[in-house]
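The following paragraphs lead through a protein chain from the overall fold to individual side chains. Please keep the sequence and the model in view while reading.

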Amino acid sequence: MAKATAAFPPTTHPTVPLRWLMQQHPELSPVFYLDLWPVAAPLIFVIDPIGATQITVENPLPKHSNIQAYLDPVIGYKNLVSMEGKEWKMWRGIFNPGFSSAHLMSLVGLMVDRTVIFTKILEEYAAKETVFELENAAAKLIIDIMGGVVLDTPLRAQTSDNELVRAFHDQLKWIPRPNEMNPFRKYSPWKFIDSRTNAGIMSRYLGKVLEERFAARRQDEKTHRSSKRAKPIIDLALDTYLRETQQSGTATLPASFKRVAIAQFKTFLFAGYDTTSSTACFIIHLLNQNPEALEKVCQEHDQVFGSDTAKAAQAISDDHFLLNQLPYTTAVLKEVLRLRPPASTARQGQRDVFIELDGKRYPTEGFLVWPATYPLHRRPDIWPHADEFIPERFLVKEGDPLFPVKGAWRPFEQGPRNCIGQELVYIELKIFMVLTLRSFDIRAAYEERDRLTGKDNSALTVDGDRAYQTLVVTAKPSGGYPAKVTKRLR
């Protein structure tokens, strides 16, 4: 594994060398063990759709304790990522209604408004002709969207400073790095001081917002006033919680709900900030590398929303369900997520759970079981032309050679522990694509940033691409995807 890692830039996401390892050693089974003691827990890599389905769908293994240790600096305990058993089932059920496709469609207008702000920021960058980090700009957009759809709170991350966003961003630096060996960083007293301070800021901010939401609800109930505005996700979750715990008449916000709700919002903020924003960058990058696909997307948007791009935002706001009439756009999204999956899962092996594949039984007890999405998404025996960008593979009918193998596409994972926010991701990114692709030409600017900084990083590539996936909390584009933007002439 050390040899595989050495073949790539030091910041490369660890699943990329894993694919190289399989290419160099075709004798490896798609389920294999790797002992990294004493650096890390012993691993089982599962790079097979049948094996991955067994431990996530058919006999779901619990999340590995490393996940909680990894995420604790940012989101703390009692979150949907690391909860297990009845507790997880209860809280997943409480938050499910808010993340249903039907409810999220009622919040599309809010998402459009936040994305329009993003397009205005792009116009400013175009006018200045400056290099900027697209990933950071997209992350602020997603934070603004999450503040609105979850809490009905204007965080204004794109246009101003916000103490919640500032504390959240500062906290990210204490997420453990892979196989962290530097004791001065790992055990730094500043880590614990910073983490406690930032956690306090975030919890107080979110606690205040929740109390204000609850007070507003109580006032509406007293005056029998009903709002025509769509409810934020937190309101639906509170409705479900109060109904299921038989506390509908309570005059105060239940402390148990408040504590878990704070952790969940930090979880949603973390997931959107780190995964959706990265996918937005890779949409731009891969479409630039495949101009025929970009042209097809733009043609589809012309057909659905009209050729006047200035009217697209209003068209979506007037008829949210136009977003459901974008089959090629959706296929592009899925293909981007296949080639650049933002995250994966890690499960805890159990004594009585075996992975059965090709007549062999692989014990899982004592191992971190990792269904590695990146190499699975690029297995040439499962995905024809695996390294090529072919959105049509998600449009063809079953029986076509391109048709995806069952269980092989899993950027949101599968089974009961799949990503609760995947429908939100689709809606956010479709809006992002409709409002940017026809209006702006956004291009990677790695070489220009090298000139500006005086650092030649041209050798840092994966398969000749500067925009490789790097592990910065999750799989992000290297260097934050430095970019320049111009107004597109069509």
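A polar contact is a pair of N or O atoms within 3.5 Å; within protein, one atom must be able to donate a hydrogen and the other to accept it, and residues adjacent in sequence count only if both atoms are side-chain atoms. The model is predicted, and local features therefore need pLDDT of at least 70, side-chain atom pairs count only at pLDDT 80 or more, and totals for chains, interfaces and linings use all residues. Residues are numbered from 1 along each chain as its sequence is written, and side-chain values use heavy atoms, with hydrogens and water left out.

The secondary structure comprises 19 helices and eleven strands, where helices (H or I, at least four residues) and strands (E, at least two) are DSSP runs numbered from the N terminus. The chain is as compact as a globular protein of its 490 residues, because its radius of gyration of 23 Å is close to the 23 Å that the globule rule gives. That radius is taken over C-alpha atoms, and the rule is 2.2 Å times the number of residues to the power 0.38. Along the principal axes, the C-alpha atoms fill a box of roughly 70 × 60 × 50 Å.

Of the 490 residues, 55% are buried; buried means under 20% relative accessible area, exposed over 50%, and partly exposed in between (1.4 Å probe, protein chains only). Contacts are defined by heavy atoms within 4.5 Å. Among those with a separation of 6 or more, 75% join residues 24 or more positions apart.

Two loop residues illustrate the buried part of the chain. N162 lies between α8 (134-151) and α9 (163-171) and is buried, with a relative accessible area of 10%. A polar atom of the N162 side chain lies 3.3 Å from the backbone oxygen of L155. Beyond its neighbours within four places in sequence, N162 is in contact with L155 and Y205.

R340 occupies the loop between α16 (327-339) and β4 (347-348), and R340 is likewise buried, at a relative accessible area of 10%. Its side chain makes a polar contact of 3.2 Å with the side chain of D465. Not counting residues up to four places away in sequence, R340 touches F282, H285, L286, R378, D465, A467 and Q469.

Is R196, in contrast, buried or exposed? This residue, placed in helix α11 (residues 189-223), counts as exposed at 70% relative accessibility.
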